[in-house]
Amino acid sequence: MLKLLSIQIACIIALAAWFSPTAFAKPLEISPNTKQAEILTKRAAASNLIVESEEALSLCNAALSKDSKYAPAYITRAEAYISLGKPDAALVDLTRASQSANIGHRTKALRERASLYIVLKRYREALSDLNIVLKGKGSDGQYRLRAKCFAALQKPDLAAQDLTAALRGKQHPDSLVL
């Protein structure tokens, strides 16, 4: 029984670190409402992973009722909206999250919104978001996304430049290496 409990605790810690890589580097001065919002958002993210989008939506709404400025809840709720076929609602949430004071949250929201714009074939808007993201430290995946936008907008030279930058740049940890 004790071994099972230890495994469960290890899994919870691993999930927390996965959802928030800086979870253990944060200062301890966090409001109780923000802490509750964080917990609810992590549960929502887990629900999204198993395609329980309605549950994720409900948990994100609860998180936002605790802390209306908690950007990860907006991002996670946007993912649920996308699963439910509501891209306009997702764009509203990603726009809200992109205004976060936290640069990591802001960058993730812009990256997610750019990906959604690409799916919606709104390439100019996707380019705008990707240009902001790439001002920081861009990854190969972000350059590839921007290359896709340039190609769709009939700008093959710019697409080729970004694909070259993707090959030379920092490999994204989730990229498949052949």
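Modeller: Quick ground rule first: helix axes are lines fitted to C-alpha atoms over the stretch in contact, and angles run from 0 to 180 degrees between N-to-C directions. This is a predicted model, with local features needing pLDDT of at least 70, side-chain atom pairs pLDDT 80 or more, and totals for chains, interfaces and linings using all residues. Numbering starts from 1 along each chain as its sequence is written, and side-chain values use heavy atoms, without hydrogens and water.

Biologist: Fine. How many helices does the chain have?

Modeller: Helices (H or I, at least four residues) and strands (E, at least two) are DSSP runs, numbered from the N terminus. Reading from that end, the elements go α-α-α-α-α-α-α-α-α. There are zero strands, and the helix count is nine.

Biologist: What share of the residues in the chain is buried?

Modeller: Buried is under 20% relative accessible area, exposed is over 50%, and partly exposed is in between (1.4 Å probe, protein chains only). The chain has 178 residues, and the buried share of them is 37%.

Biologist: And what share of the contacts with a separation of 6 or more comes from residues 24 or more positions apart?

Modeller: A contact is heavy atoms within 4.5 Å. Taking the contacts in the chain with a separation of 6 or more, the part from residues 24 or more positions apart is 42%.

Biologist: On to packing. At what angle do α4 and α5 cross?

Modeller: Helix α4 covers residues 71–83 and α5 covers residues 87–97. Their axes come within 8 Å of each other, and the crossing angle is roughly 165 degrees.

Biologist: Which orientation does that give α4 relative to α5, roughly parallel or roughly antiparallel?

Modeller: Under 35 degrees is roughly parallel, over 145 roughly antiparallel, 65 to 115 roughly perpendicular, and the rest oblique. The angle is roughly 165 degrees. That is why α4 against α5 comes out as roughly antiparallel.

Biologist: How far apart are the axes of α3 and α4?

Modeller: Helix α3 spans residues 53–66 and packs on α4 at about 155 degrees, which makes the pair roughly antiparallel. Residues in the contact include Leu57 and Cys60 of α3 and Tyr74 and Arg77 of α4. The axis separation is 9 Å.

Biologist: Now Asp162. Which side chain does the Asp162 side chain make a polar contact with?

Modeller: Asp162 sits in α9, residues 156–168, and is buried at 4% relative accessible area. Its neighbours, not counting residues up to four places away in sequence, are Tyr143, Arg146, Ala147 and Phe150. At 2.5 Å, the polar partner of Asp162 is the side chain of Arg146.

Biologist: Last one: is Gln154 buried or exposed?

Modeller: Gln154 is in the loop between α8 (140–152) and α9. Its phi is near 60 degrees, positive in a residue other than glycine. With a relative accessible area of 65%, Gln154 is exposed.

Definitions and conventions
Polar contact = N/O pair within 3.5 Å; in protein donor to acceptor, adjacent residues only side chain to side chain.
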